[in-house]
Amino acid sequence: MRLTILGCAGSFPGPEAACSAYLVEAEGFRLLLDFGSGSLSALQRYVGLNVVDAILLTHLHGDHILDAVPYIVVRRYAPDGPYPPLPVYAPGGAPDRLANAYSLDEGVLDDVYTFYGLQPGTFPIGPFEVTVDRVNHPVETYGVRLEHGGRSLCYSSDTAPCESLLRLAHRADLFLCEASYLDGVDNPPDLHLTGREAGEIATKAEVGRLLLTHLVAAWGSEAMTHEAALSAFAGPVEVVRPGCRYEI
Ligand SMILES: [Zn+2]
């Protein structure tokens, strides 16, 4: 598997990064995990406009889904003719949310996206074995584990600490984990993780490598978040950036 970071800014686009979007490839199949604000630009810069084979949206917060709206134009009005419907795995409210965001008058997206509602469980997408489970965030949110060829990647999505994330991350070769909050601050509960908490989960789950994402550039500190995660996890830790690629 190969992971390409398209966007990694938490909550709103940062000066150097779009919001959450991660492309995972195997056997030539390209699965996009989340499609946050600004990431359609990064998709073109780092991979290509029409290269996506399926999309998985972990939850319906705008910073994880909103570039699926301009992507409707990309697919529907391509100069060489419309593209076939793209599979989109997402919480059940996704069709209405994206249709309303696109246009209240032209709401049906069936020609562009074929939606599959997410539920906890394991299922195939292309060559990947995908396991999703609910995590600890105020809306219906799924953490994701992808397996292929004996290798595994876990993506936390947005979450506070929870048992389901520990299970999803168990012995993953690569753990892409959010670290939105600074440690030592009075953070709201049941919303996000700090760098130290991401490191603690990585240790408990015995992952091979920890990648930190969803940092909020304007409110946080990359150096402090990285240091906090390193203090709780003995393995390799890195803060991701747009364009970074990882072989798994
Ligand atoms: Zn969220």
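This is a predicted model: local features need pLDDT of at least 70, side-chain atom pairs count only at pLDDT 80 or more; totals for chains, interfaces and linings use all residues.

**Contacts, metal site and packing**

Me: Leaving aside its neighbours within four places in sequence, which residues is Ser39 in contact with?
Reply: Contact means heavy atoms within 4.5 Å. With neighbours within four places in sequence set aside, Ser39 has these partners: Ala18, Cys19, Ala21 and Asp67.

Me: Why does Ser39 count as buried?
Reply: Ser39 sits in helix 1; helices (H or I, at least four residues) and strands (E, at least two) are DSSP runs numbered from the N terminus. Buried means under 20% relative accessible area, exposed over 50%, and partly exposed in between, with a 1.4 Å probe and protein chains only. Ser39 counts as buried because its relative accessibility is 0%.

Me: Which protein residues are donors of the zinc ion?
Reply: Donors are N, O and S atoms within 2.8 Å of the metal (3.2 Å for Na, K and Ca); water is not among the atoms, so sites may look incomplete. At 2.2 to 2.3 Å from the zinc ion lie the protein donors His59 (NE2), His61 (ND1), His137 (NE2) and Asp158 (OD).

Me: How many residues apart are His59 and His137?
Reply: His59 is in the loop between strand 4 (54-56) and helix 2 (62-65). His137 is in the loop between strand 8 (128-134) and strand 9 (142-148). Both residues are buried. The pair links distant parts of the chain, with a separation of 78 residues.

Me: What are the edge strands of the seven-strand sheet?
Reply: Two strands pair if DSSP finds at least two bridges between them. The open sheet runs in the order 6-5-4-3-2-1-14, with mixed pairing. Pairing on one side only marks its edges, strand 6 (113-117) and strand 14 (245-247).

Me: What angle does helix 1 make with strand 1?
Reply: Strand 1 (residues 2-7) pairs with strand 14 in the antiparallel sense over three bridges. Helix 1 (residues 39-46) packs on the sheet, where it touches strand 1, strand 2 (21-26) and strand 14. Axes are lines fitted to C-alpha atoms, for helices over the stretch in contact, and angles run from 0 to 180 degrees between N-to-C directions. The direction of helix 1 against that of strand 1 is about 135°.

Me: What arc do the buried residues of helix 4 cover?
Reply: In helix 4 (residues 94-102), the buried residues are Ala94, Leu98 and Ala99. They lie on the same side of helix 4, because their arc around the axis is only 120°.

Me: How many residues of strand 11 are buried?
Reply: Leu174, Leu176 and Glu178 are buried on one side of strand 11, and Phe175 and Cys177 on the other. Strand 11 (residues 174-178) is mostly covered, and its buried residues number five of five.

Me: Which residue in strand 11 does Leu153 stand opposite?
Reply: Strand 10 (residues 151-155) pairs with strand 11 in the parallel sense over three bridges. Opposite Leu153 stands Leu174.

Note on methods. Residues are numbered from 1 along each chain as its sequence is written. Side-chain values use heavy atoms; hydrogens and water are left out. The arc is that of the directions from the helix axis to the C-beta atoms.
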